[in-house]
Amino acid sequence: MKNFIICTLLLFFVACSTPRNNITIASTKDINVKDINLNNLTKREVETEVCNGCAQTIWALLYLSPGEYPNLDKAISQALMVGNGDLLLDAFVFSRPSLVPFVCCTKVKGTVVNTKEAK
């Protein structure tokens, strides 16, 4: 019985990341890409993770739901800041519970470019 409880707790707190989105192009800033050749810009590979406390309710706890993950806007903004750019290309978004109970994370992995370099 003791092993069963330990295994159940491990499964509850240690979960794999779940793919949420594949994004071709994204930005949280106002930019105009109409006359910009993205192939000529410096590309920076980034991988960032944003974590916050999950909004837990009694129903979420009863159904073993991890709660709500951080806002995608916040995760994309973090990736743009780390990559020192204003446009995110070919991004993958993953969600996962943290090892800390009731903390959830959103991970963004992609390529950041700065469109201001083209001007």
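Colleague: How many salt bridges turn up when the whole structure is searched?
Modeller: Two. Bear in mind that this is a predicted model, where local features need pLDDT of at least 70, side-chain atom pairs count only at pLDDT 80 or more, and totals for chains, interfaces and linings use all residues. Residues are numbered from 1 along each chain as its sequence is written, and side-chain values use heavy atoms, with hydrogens and water left out.

Colleague: What makes E117 and R44 a salt bridge?
Modeller: The term asks for a side-chain nitrogen of Lys or Arg within 4 Å of a carboxyl oxygen of Asp or Glu. Here the closest N and O atoms are 3.2 Å apart, so the pair meets that definition. The two ends come from distant parts of the chain, 73 residues apart: R44 sits in strand β2 (residues 43-53), E117 in the segment after β4 (103-113).

Colleague: How do you know which strands and helices to number?
Modeller: They are DSSP runs, numbered from the N terminus: helices are H or I with at least four residues, strands are E with at least two. That gives three helices and four strands, in the order α-β-β-α-α-β-β.

Colleague: Why is E117 called partly exposed?
Modeller: Buried means under 20% relative accessible area and exposed over 50%, with partly exposed in between (1.4 Å probe, protein chains only). E117 comes out at 38%, so partly exposed it is. R44 at 25% gets that label because its value also falls in between. So do K107 at 29% and E47 at 45%.

Colleague: What makes F4 count as exposed, then?
Modeller: Its relative accessibility is 56%, which is over the 50% line, so the label is exposed. F4 is found in helix α1 (residues 2-13).

Colleague: How much of the protein is buried?
Modeller: Buried residues are 30% of the 119.

Colleague: How do you know what share of the contacts joins residues 24 or more positions apart?
Modeller: Contact means heavy atoms within 4.5 Å. Among contacts with a separation of 6 or more, residues 24 or more positions apart account for 78%.
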